[in-house]
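Hi,

Here is the structure I said I'd pass on.

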Amino acid sequence: MFELEKTLTYRAFLLLLGLSREFLITLGNIGRDFSHVLAYILSLKINVRETIEQAKRFAFDSLPISLTIVGMTSAIIAMQLAPELAKQGAADYTGMLSAIVMIRELAVVMSGFAIISMVGSSFASEIASMSVTQQINAMKVLKVDPVEYLIVPRFAAGVLFMPVVFVVAATFGLFCAGLVSHYCADLSILNYITSLWRGLVVKDIMIAILKSSFFGGTIALISCSMGFSTRGGAKEVGIATTKAVVWSFLAIAIWDFIFASIFYL
Amino acid sequence: MSLEVKNLIKVFDNKRVLNNISFKVEDGQTLGVVGFSGSGKSTLLKIISGILYEDEGQIIYPDDAEIAMSFQYSALFDFLNVYDNISFPLVERKEFRDKYTKEQIDEIVNEKLQMVGLQGIEDKFPSELSGGMQKRVAFARAIVTNPKIILYDEPTAGLDPVTSTIIEDYIVQLKKELNASCVVVTHQLSTIKRAVDRVIMLYQGNIVFEGNVEELLSGTNEYAKQFVNATVEGPMNIAQK
(Lines give C-alpha, C1' and ligand atoms only; values in the text may rest on other atoms or scores of the structure.)
Protein backbone atom coordinates (compact mmCIF):
# COMPACT_ATOMS: atom_id res chain seq x y z
CA MET A 1 0.00 0.00 0.00
CA PHE A 2 1.23 3.49 -0.85
CA GLU A 3 2.36 5.40 2.22
CA LEU A 4 2.91 9.07 1.65
CA GLU A 5 4.99 9.46 4.83
CA LYS A 6 7.65 7.10 3.52
CA THR A 7 8.21 8.77 0.16
CA LEU A 8 11.40 10.71 -0.45
CA THR A 9 9.46 13.68 -1.84
CA TYR A 10 7.39 13.92 1.30
CA ARG A 11 10.48 13.81 3.51
CA ALA A 12 12.23 16.39 1.34
CA PHE A 13 9.13 18.57 1.61
CA LEU A 14 9.15 18.26 5.41
CA LEU A 15 12.85 19.11 5.54
CA LEU A 16 12.27 22.14 3.35
CA LEU A 17 9.35 23.18 5.52
CA GLY A 18 11.49 22.84 8.65
CA LEU A 19 14.31 24.89 7.12
CA SER A 20 11.88 27.58 5.95
CA ARG A 21 10.38 27.73 9.42
CA GLU A 22 13.81 28.09 11.01
CA PHE A 23 14.75 30.76 8.45
CA LEU A 24 11.60 32.75 9.18
CA ILE A 25 12.06 32.43 12.96
CA THR A 26 15.65 33.69 12.70
CA LEU A 27 14.56 36.54 10.46
CA GLY A 28 11.78 37.36 12.92
CA ASN A 29 14.23 37.39 15.84
CA ILE A 30 16.57 39.73 13.99
CA GLY A 31 13.63 41.99 13.06
CA ARG A 32 12.37 42.04 16.65
CA ASP A 33 15.81 42.89 18.04
CA PHE A 34 16.31 45.56 15.37
CA SER A 35 13.01 47.22 16.28
CA HIS A 36 14.07 47.32 19.96
CA VAL A 37 17.51 48.68 19.07
CA LEU A 38 15.96 51.31 16.82
CA ALA A 39 13.57 52.37 19.58
CA TYR A 40 16.50 52.90 21.96
CA ILE A 41 18.58 54.75 19.39
CA LEU A 42 15.71 57.03 18.34
CA SER A 43 15.09 57.90 21.99
CA LEU A 44 18.85 58.48 22.36
CA LYS A 45 19.11 55.87 25.11
CA ILE A 46 22.61 54.75 24.26
CA ASN A 47 25.02 53.46 26.89
CA VAL A 48 28.02 55.59 25.92
CA ARG A 49 30.52 53.79 28.17
CA GLU A 50 29.62 50.39 26.73
CA THR A 51 29.57 51.79 23.18
CA ILE A 52 33.13 53.04 23.63
CA GLU A 53 34.15 49.60 24.95
CA GLN A 54 32.62 47.89 21.93
CA ALA A 55 34.03 50.51 19.55
CA LYS A 56 37.51 49.57 20.75
CA ARG A 57 36.81 45.99 19.76
CA PHE A 58 35.45 47.04 16.38
CA ALA A 59 38.19 49.52 15.57
CA PHE A 60 41.26 47.92 17.14
CA ASP A 61 40.70 44.18 17.49
CA SER A 62 39.73 43.72 13.87
CA LEU A 63 42.26 46.17 12.42
CA PRO A 64 45.31 43.87 12.13
CA ILE A 65 43.35 41.19 10.28
CA SER A 66 41.48 43.78 8.16
CA LEU A 67 44.75 45.41 7.16
CA THR A 68 46.34 42.07 6.39
CA ILE A 69 43.45 40.83 4.26
CA VAL A 70 42.91 44.09 2.40
CA GLY A 71 46.66 44.71 2.03
CA MET A 72 47.37 41.24 0.69
CA THR A 73 44.38 41.24 -1.67
CA SER A 74 45.25 44.63 -3.13
CA ALA A 75 48.90 43.63 -3.47
CA ILE A 76 47.91 40.45 -5.33
CA ILE A 77 45.58 42.37 -7.66
CA ALA A 78 48.28 44.99 -8.34
CA MET A 79 50.81 42.20 -8.90
CA GLN A 80 48.65 40.77 -11.68
CA LEU A 81 47.14 43.97 -13.01
CA ALA A 82 50.12 46.34 -13.17
CA PRO A 83 52.39 44.22 -15.45
CA GLU A 84 49.48 43.53 -17.83
CA LEU A 85 48.57 47.20 -17.99
CA ALA A 86 52.24 48.06 -18.51
CA LYS A 87 52.40 45.63 -21.45
CA GLN A 88 49.43 47.41 -23.03
CA GLY A 89 51.03 50.77 -22.40
CA ALA A 90 48.40 51.64 -19.84
CA ALA A 91 50.49 51.45 -16.66
CA ASP A 92 49.33 54.94 -15.77
CA TYR A 93 45.85 53.54 -15.15
CA THR A 94 47.04 51.22 -12.38
CA GLY A 95 46.42 53.72 -9.60
CA MET A 96 43.02 54.69 -10.94
CA LEU A 97 41.84 51.10 -11.32
CA SER A 98 43.19 50.18 -7.89
CA ALA A 99 41.29 53.10 -6.37
CA ILE A 100 38.03 52.14 -8.07
CA VAL A 101 38.30 48.46 -7.11
CA MET A 102 39.49 49.21 -3.60
CA ILE A 103 37.02 51.94 -2.70
CA ARG A 104 33.95 50.57 -4.41
CA GLU A 105 34.30 46.94 -3.40
CA LEU A 106 37.38 45.32 -2.00
CA ALA A 107 38.22 47.33 1.09
CA VAL A 108 34.70 47.44 2.44
CA VAL A 109 33.81 43.83 1.67
CA MET A 110 37.13 42.40 2.83
CA SER A 111 37.15 44.39 6.06
CA GLY A 112 33.53 43.30 6.53
CA PHE A 113 34.66 39.67 6.29
CA ALA A 114 37.47 40.35 8.76
CA ILE A 115 35.03 41.94 11.19
CA ILE A 116 32.61 39.04 10.89
CA SER A 117 35.33 36.57 11.76
CA MET A 118 36.98 38.65 14.49
CA VAL A 119 34.19 40.64 16.09
CA GLY A 120 30.84 39.22 14.91
CA SER A 121 31.70 35.65 15.91
CA SER A 122 32.89 36.81 19.33
CA PHE A 123 29.70 38.88 19.85
CA ALA A 124 27.57 35.85 19.01
CA SER A 125 29.45 33.35 21.18
CA GLU A 126 29.74 35.78 24.09
CA ILE A 127 26.03 36.61 24.17
CA ALA A 128 24.99 33.01 23.46
CA SER A 129 27.12 31.87 26.37
CA MET A 130 25.54 34.53 28.58
CA SER A 131 22.13 33.34 27.46
CA VAL A 132 22.68 29.66 28.26
CA THR A 133 24.28 30.45 31.65
CA GLN A 134 21.27 32.58 32.69
CA GLN A 135 23.29 35.81 32.72
CA ILE A 136 20.76 37.44 30.40
CA ASN A 137 17.96 36.38 32.73
CA ALA A 138 19.94 37.74 35.68
CA MET A 139 20.17 41.06 33.86
CA LYS A 140 16.39 41.08 33.33
CA VAL A 141 15.74 40.39 37.01
CA LEU A 142 18.11 43.24 37.93
CA LYS A 143 15.86 45.40 35.71
CA VAL A 144 18.61 46.21 33.23
CA ASP A 145 17.34 45.63 29.71
CA PRO A 146 19.82 43.29 27.98
CA VAL A 147 18.95 44.80 24.61
CA GLU A 148 19.94 48.24 25.85
CA TYR A 149 23.06 46.99 27.62
CA LEU A 150 24.31 44.39 25.15
CA ILE A 151 22.92 44.97 21.66
CA VAL A 152 22.51 48.74 21.35
CA PRO A 153 26.17 49.57 22.16
CA ARG A 154 27.45 46.88 19.79
CA PHE A 155 25.12 48.04 17.03
CA ALA A 156 26.12 51.68 17.53
CA ALA A 157 29.82 50.73 17.57
CA GLY A 158 29.33 48.79 14.33
CA VAL A 159 27.54 51.62 12.57
CA LEU A 160 30.06 54.25 13.70
CA PHE A 161 33.35 52.37 13.61
CA MET A 162 33.14 50.03 10.65
CA PRO A 163 33.65 53.12 8.40
CA VAL A 164 36.83 53.89 10.38
CA VAL A 165 38.13 50.38 9.74
CA PHE A 166 37.18 50.75 6.07
CA VAL A 167 39.02 54.08 5.66
CA VAL A 168 42.20 52.77 7.31
CA ALA A 169 42.06 49.46 5.41
CA ALA A 170 41.41 51.16 2.06
CA THR A 171 44.29 53.58 2.58
CA PHE A 172 46.59 50.72 3.51
CA GLY A 173 45.36 48.68 0.53
CA LEU A 174 46.08 51.51 -1.90
CA PHE A 175 49.52 51.96 -0.36
CA CYS A 176 50.27 48.23 -0.81
CA ALA A 177 48.99 48.31 -4.39
CA GLY A 178 51.25 51.29 -5.15
CA LEU A 179 54.28 49.61 -3.64
CA VAL A 180 53.69 46.37 -5.56
CA SER A 181 53.04 48.24 -8.83
CA HIS A 182 56.34 50.05 -8.37
CA TYR A 183 58.30 46.81 -7.93
CA CYS A 184 56.38 44.65 -10.42
CA ALA A 185 55.76 47.09 -13.27
CA ASP A 186 58.38 49.76 -12.66
CA LEU A 187 55.62 52.27 -12.14
CA SER A 188 56.92 55.34 -10.38
CA ILE A 189 55.22 56.19 -7.11
CA LEU A 190 54.46 59.68 -8.41
CA ASN A 191 52.68 58.27 -11.49
CA TYR A 192 50.75 55.88 -9.27
CA ILE A 193 49.61 58.69 -6.99
CA THR A 194 48.64 60.91 -9.93
CA SER A 195 46.62 58.04 -11.42
CA LEU A 196 45.16 57.26 -8.01
CA TRP A 197 43.68 60.74 -7.67
CA ARG A 198 41.78 60.24 -10.93
CA GLY A 199 40.18 57.10 -9.49
CA LEU A 200 39.28 58.62 -6.16
CA VAL A 201 35.79 59.98 -6.59
CA VAL A 202 34.03 61.66 -3.66
CA LYS A 203 30.76 59.95 -4.54
CA ASP A 204 32.42 56.51 -4.39
CA ILE A 205 34.02 57.29 -1.06
CA MET A 206 30.76 58.51 0.46
CA ILE A 207 28.87 55.46 -0.82
CA ALA A 208 31.57 53.16 0.56
CA ILE A 209 31.45 54.84 3.96
CA LEU A 210 27.68 54.53 4.02
CA LYS A 211 27.93 50.91 2.90
CA SER A 212 30.51 50.08 5.57
CA SER A 213 28.25 51.66 8.16
CA PHE A 214 25.39 49.40 7.01
CA PHE A 215 27.73 46.40 7.06
CA GLY A 216 28.91 47.20 10.59
CA GLY A 217 25.39 47.60 11.94
CA THR A 218 24.20 44.46 10.18
CA ILE A 219 27.09 42.31 11.44
CA ALA A 220 26.61 43.52 15.02
CA LEU A 221 22.83 43.10 14.91
CA ILE A 222 22.87 39.60 13.39
CA SER A 223 25.64 38.40 15.71
CA CYS A 224 23.97 39.74 18.83
CA SER A 225 20.55 38.49 17.79
CA MET A 226 21.85 34.96 17.14
CA GLY A 227 23.49 34.95 20.55
CA PHE A 228 20.47 36.41 22.25
CA SER A 229 18.02 33.76 21.02
CA THR A 230 20.29 30.83 21.96
CA ARG A 231 18.87 28.23 24.34
CA GLY A 232 20.49 25.02 25.52
CA GLY A 233 24.19 24.44 26.14
CA ALA A 234 27.67 24.43 24.66
CA LYS A 235 26.54 22.83 21.39
CA GLU A 236 23.94 25.55 20.81
CA VAL A 237 26.56 28.25 21.52
CA GLY A 238 28.64 26.77 18.69
CA ILE A 239 25.63 26.58 16.38
CA ALA A 240 24.71 30.20 17.15
CA THR A 241 28.24 31.37 16.35
CA THR A 242 28.28 29.49 13.05
CA LYS A 243 24.84 30.82 12.17
CA ALA A 244 25.92 34.37 12.99
CA VAL A 245 28.92 34.10 10.67
CA VAL A 246 26.94 32.52 7.82
CA TRP A 247 24.04 34.97 8.10
CA SER A 248 26.42 37.93 8.30
CA PHE A 249 28.25 36.81 5.14
CA LEU A 250 24.91 36.43 3.35
CA ALA A 251 23.65 39.79 4.59
CA ILE A 252 26.83 41.53 3.42
CA ALA A 253 26.50 39.97 -0.03
CA ILE A 254 22.88 41.08 -0.24
CA TRP A 255 23.64 44.64 1.00
CA ASP A 256 26.52 44.86 -1.49
CA PHE A 257 24.22 43.89 -4.33
CA ILE A 258 21.57 46.38 -3.19
CA PHE A 259 24.12 49.22 -2.97
CA ALA A 260 25.59 48.36 -6.38
CA SER A 261 22.09 48.24 -7.90
CA ILE A 262 21.07 51.58 -6.39
CA PHE A 263 24.22 53.57 -7.06
CA TYR A 264 25.98 51.98 -10.03
CA LEU A 265 23.31 50.36 -12.19
CA MET B 1 5.16 43.93 51.42
CA SER B 2 4.02 40.33 50.93
CA LEU B 3 3.99 38.27 47.76
CA GLU B 4 0.84 36.60 46.56
CA VAL B 5 0.42 34.22 43.65
CA LYS B 6 -3.17 33.70 42.53
CA ASN B 7 -4.46 30.98 40.17
CA LEU B 8 -1.29 30.91 38.13
CA ILE B 9 -1.36 28.95 34.88
CA LYS B 10 1.51 28.48 32.46
CA VAL B 11 1.29 26.41 29.30
CA PHE B 12 4.22 25.20 27.19
CA ASP B 13 3.49 23.29 23.96
CA ASN B 14 -0.14 22.68 24.94
CA LYS B 15 0.97 21.22 28.30
CA ARG B 16 0.14 22.94 31.57
CA VAL B 17 3.41 23.16 33.47
CA LEU B 18 1.74 25.22 36.19
CA ASN B 19 -1.88 24.54 36.92
CA ASN B 20 -3.82 26.97 39.06
CA ILE B 21 -1.06 27.66 41.56
CA SER B 22 -1.92 29.91 44.50
CA PHE B 23 0.02 30.83 47.64
CA LYS B 24 1.02 33.78 49.77
CA VAL B 25 4.34 34.62 51.38
CA GLU B 26 4.25 37.14 54.22
CA ASP B 27 6.99 39.60 55.15
CA GLY B 28 9.93 37.93 56.80
CA GLN B 29 8.68 34.51 55.78
CA THR B 30 10.40 31.93 53.58
CA LEU B 31 8.42 29.57 51.42
CA GLY B 32 10.15 26.42 50.24
CA VAL B 33 9.08 24.99 46.88
CA VAL B 34 9.96 21.35 46.44
CA GLY B 35 9.22 18.69 43.87
CA PHE B 36 10.92 16.49 41.33
CA SER B 37 12.78 17.94 38.36
CA GLY B 38 10.37 19.18 35.72
CA SER B 39 7.55 19.77 38.18
CA GLY B 40 7.43 23.48 37.33
CA LYS B 41 9.44 24.95 40.24
CA SER B 42 11.91 26.96 38.18
CA THR B 43 9.15 28.11 35.83
CA LEU B 44 7.29 29.42 38.87
CA LEU B 45 10.33 31.48 39.95
CA LYS B 46 10.86 32.76 36.42
CA ILE B 47 7.26 33.99 36.31
CA ILE B 48 7.46 35.68 39.71
CA SER B 49 10.73 37.36 38.73
CA GLY B 50 9.33 38.57 35.40
CA ILE B 51 11.57 36.52 33.14
CA LEU B 52 8.53 34.63 31.85
CA TYR B 53 4.93 35.76 31.55
CA GLU B 54 2.03 33.90 33.04
CA ASP B 55 -0.76 32.69 30.73
CA GLU B 56 -3.38 33.20 33.41
CA GLY B 57 -3.46 34.30 37.02
CA GLN B 58 -1.82 37.06 38.99
CA ILE B 59 1.38 37.81 40.84
CA ILE B 60 0.59 40.42 43.44
CA TYR B 61 3.19 42.54 45.23
CA PRO B 62 3.57 46.25 45.91
CA ASP B 63 4.52 48.32 42.85
CA ASP B 64 7.67 49.68 44.48
CA ALA B 65 8.94 46.29 45.65
CA GLU B 66 12.30 45.24 44.28
CA ILE B 67 12.50 41.57 43.35
CA ALA B 68 15.84 39.78 43.48
CA MET B 69 16.73 36.33 42.30
CA SER B 70 19.66 34.07 43.00
CA PHE B 71 20.14 31.63 40.14
CA GLN B 72 21.02 27.96 40.34
CA TYR B 73 24.54 28.42 38.98
CA SER B 74 24.94 31.98 40.28
CA ALA B 75 24.68 33.60 36.81
CA LEU B 76 27.37 36.12 37.69
CA PHE B 77 28.50 38.22 34.73
CA ASP B 78 31.73 36.49 33.80
CA PHE B 79 33.15 39.56 32.03
CA LEU B 80 32.88 41.70 35.17
CA ASN B 81 34.80 41.44 38.44
CA VAL B 82 33.08 40.99 41.80
CA TYR B 83 32.79 44.73 42.45
CA ASP B 84 31.27 45.42 39.03
CA ASN B 85 28.92 42.46 39.36
CA ILE B 86 27.53 43.69 42.66
CA SER B 87 27.37 47.35 41.67
CA PHE B 88 25.86 46.48 38.25
CA PRO B 89 22.24 47.50 38.93
CA LEU B 90 23.35 50.62 40.82
CA VAL B 91 25.53 51.74 37.91
CA GLU B 92 23.27 50.71 35.04
CA ARG B 93 19.87 51.75 36.36
CA LYS B 94 19.15 55.45 36.02
CA GLU B 95 17.22 55.80 39.28
CA PHE B 96 20.21 54.49 41.26
CA ARG B 97 22.81 56.28 39.14
CA ASP B 98 21.09 59.57 39.89
CA LYS B 99 20.69 58.71 43.56
CA TYR B 100 24.16 57.48 44.53
CA THR B 101 27.65 58.90 44.12
CA LYS B 102 30.60 56.66 43.30
CA GLU B 103 31.68 56.75 46.98
CA GLN B 104 28.19 55.73 48.12
CA ILE B 105 28.16 52.84 45.65
CA ASP B 106 31.56 51.74 47.02
CA GLU B 107 30.09 51.79 50.52
CA ILE B 108 26.99 49.81 49.52
CA VAL B 109 29.08 47.17 47.73
CA ASN B 110 31.32 46.83 50.79
CA GLU B 111 28.33 46.55 53.09
CA LYS B 112 26.71 43.83 50.96
CA LEU B 113 29.96 41.91 50.70
CA GLN B 114 30.24 42.08 54.49
CA MET B 115 26.69 40.76 54.82
CA VAL B 116 27.66 37.63 52.90
CA GLY B 117 30.97 37.31 54.71
CA LEU B 118 33.22 38.23 51.80
CA GLN B 119 35.71 41.04 51.64
CA GLY B 120 38.85 41.80 49.72
CA ILE B 121 37.74 39.92 46.61
CA GLU B 122 36.34 42.94 44.76
CA ASP B 123 38.89 42.66 41.95
CA LYS B 124 38.49 38.94 41.39
CA PHE B 125 36.52 37.54 38.47
CA PRO B 126 33.79 34.90 39.01
CA SER B 127 35.96 32.20 37.42
CA GLU B 128 38.54 32.75 40.19
CA LEU B 129 36.02 31.97 42.96
CA SER B 130 34.81 28.69 44.44
CA GLY B 131 31.18 27.61 43.93
CA GLY B 132 30.23 28.70 47.44
CA MET B 133 31.85 32.10 47.03
CA GLN B 134 30.12 32.59 43.69
CA LYS B 135 26.78 31.90 45.38
CA ARG B 136 27.53 34.46 48.08
CA VAL B 137 28.60 37.06 45.52
CA ALA B 138 25.34 36.33 43.66
CA PHE B 139 23.47 36.89 46.94
CA ALA B 140 25.31 40.19 47.44
CA ARG B 141 24.37 41.26 43.91
CA ALA B 142 20.76 40.19 44.47
CA ILE B 143 20.39 42.21 47.68
CA VAL B 144 22.25 45.32 46.53
CA THR B 145 18.97 47.08 45.76
CA ASN B 146 17.49 46.09 49.16
CA PRO B 147 14.81 43.84 47.68
CA LYS B 148 11.67 42.98 49.56
CA ILE B 149 11.13 39.76 47.63
CA ILE B 150 14.04 37.34 47.22
CA LEU B 151 13.86 34.23 45.06
CA TYR B 152 16.43 31.45 45.34
CA ASP B 153 16.67 28.79 42.65
CA GLU B 154 18.37 25.74 44.15
CA PRO B 155 20.79 27.80 46.25
CA THR B 156 22.80 24.81 47.47
CA ALA B 157 22.96 22.83 44.22
CA GLY B 158 26.40 21.40 43.62
CA LEU B 159 27.83 22.52 46.96
CA ASP B 160 29.37 20.36 49.68
CA PRO B 161 27.34 19.92 52.91
CA VAL B 162 29.38 22.41 54.94
CA THR B 163 29.20 25.14 52.28
CA SER B 164 25.49 24.35 51.91
CA THR B 165 25.03 25.01 55.63
CA ILE B 166 26.84 28.35 55.31
CA ILE B 167 24.60 29.30 52.35
CA GLU B 168 21.47 28.27 54.26
CA ASP B 169 22.54 30.42 57.20
CA TYR B 170 22.95 33.39 54.86
CA ILE B 171 19.46 32.83 53.44
CA VAL B 172 18.05 33.08 56.98
CA GLN B 173 20.25 36.05 57.86
CA LEU B 174 19.40 38.03 54.71
CA LYS B 175 15.69 37.44 55.22
CA LYS B 176 15.92 38.80 58.75
CA GLU B 177 18.06 41.81 57.86
CA LEU B 178 15.90 42.83 54.90
CA ASN B 179 12.58 41.57 56.34
CA ALA B 180 11.95 40.14 52.90
CA SER B 181 9.47 37.60 51.57
CA CYS B 182 11.56 34.72 50.23
CA VAL B 183 10.85 31.78 47.96
CA VAL B 184 13.40 28.98 47.91
CA VAL B 185 13.24 26.28 45.24
CA THR B 186 15.24 23.33 46.47
CA HIS B 187 15.70 19.57 46.45
CA GLN B 188 17.69 19.58 49.68
CA LEU B 189 15.98 18.54 52.87
CA SER B 190 18.74 20.30 54.84
CA THR B 191 17.80 23.61 53.19
CA ILE B 192 14.13 23.02 54.01
CA LYS B 193 14.93 22.22 57.63
CA ARG B 194 17.26 25.15 58.20
CA ALA B 195 16.01 27.97 56.01
CA VAL B 196 12.31 27.53 55.30
CA ASP B 197 9.13 28.36 57.25
CA ARG B 198 6.47 26.83 55.01
CA VAL B 199 6.60 24.40 52.12
CA ILE B 200 4.62 23.67 49.01
CA MET B 201 5.27 20.65 46.83
CA LEU B 202 4.65 20.66 43.10
CA TYR B 203 3.94 17.63 40.97
CA GLN B 204 3.04 17.92 37.30
CA GLY B 205 2.28 21.59 37.76
CA ASN B 206 -0.09 21.13 40.72
CA ILE B 207 0.38 21.84 44.40
CA VAL B 208 0.15 18.41 46.01
CA PHE B 209 1.28 19.43 49.49
CA GLU B 210 1.16 22.62 51.50
CA GLY B 211 2.17 22.95 55.12
CA ASN B 212 4.97 23.69 57.53
CA VAL B 213 8.31 21.91 57.62
CA GLU B 214 7.21 19.57 60.42
CA GLU B 215 4.18 18.45 58.39
CA LEU B 216 6.37 17.81 55.37
CA LEU B 217 8.87 15.73 57.30
CA SER B 218 6.55 13.68 59.45
CA GLY B 219 3.00 14.22 58.19
CA THR B 220 0.62 11.84 56.45
CA ASN B 221 0.61 13.36 52.97
CA GLU B 222 1.61 10.58 50.57
CA TYR B 223 3.43 12.93 48.19
CA ALA B 224 5.42 14.43 51.06
CA LYS B 225 6.26 10.98 52.40
CA GLN B 226 7.52 9.82 49.02
CA PHE B 227 9.66 12.95 48.63
CA VAL B 228 11.11 12.88 52.15
CA ASN B 229 11.78 9.13 52.08
CA ALA B 230 13.08 9.35 48.50
CA THR B 231 11.20 6.22 47.43
CA VAL B 232 10.33 5.24 43.90
CA GLU B 233 6.94 3.83 44.93
CA GLY B 234 4.26 6.37 45.70
CA PRO B 235 1.75 8.68 44.09
CA MET B 236 4.43 10.45 42.04
CA ASN B 237 5.20 8.34 39.00
CA ILE B 238 8.88 8.95 38.27
CA ALA B 239 8.93 6.64 35.24
CA GLN B 240 6.15 8.66 33.66
CA LYS B 241 8.12 11.84 34.28
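B:Leu31 sits across from B:Arg198 of E8(B), and B:Leu31 also stands opposite B:Val183 in E7(B). B:Leu31 belongs to E3(B), which is joined by 4 bridges to the parallel strand E8 (residues 198–203) and by 4 bridges to E7 (residues 181–185), parallel as well. Strands pair here if DSSP finds at least two bridges between them; strands (E, at least two residues) and helices (H or I, at least four) are DSSP runs numbered from the N terminus.

Before I go on: this is a predicted model, where local features need pLDDT of at least 70 and side-chain atom pairs pLDDT 80 or more, while totals for chains, interfaces and linings use all residues. Residues are numbered from 1 along each chain as its sequence is written, with chains lettered from A and ligands numbered from 1 in the order written.

Back to E3(B): 5 of its 5 residues are buried (20 or more other C-beta atoms within 10 Å; exposed is 12 or fewer, partly exposed in between, with C-beta atoms placed from the backbone). B:Thr30, B:Gly32 and B:Val34 point one way, B:Leu31 and B:Val33 the other.

Most residues other than glycine have a negative phi. B:Glu154, in the loop between E6 and H6 of chain B, has a positive phi near 45°, and B:Glu154 is buried, with 20 other C-beta atoms within 10 Å. B:Ala230, after helix H9 of chain B, has a positive phi of about 55°, but B:Ala230 is exposed, with 8 C-beta neighbours inside 10 Å.

Cheers
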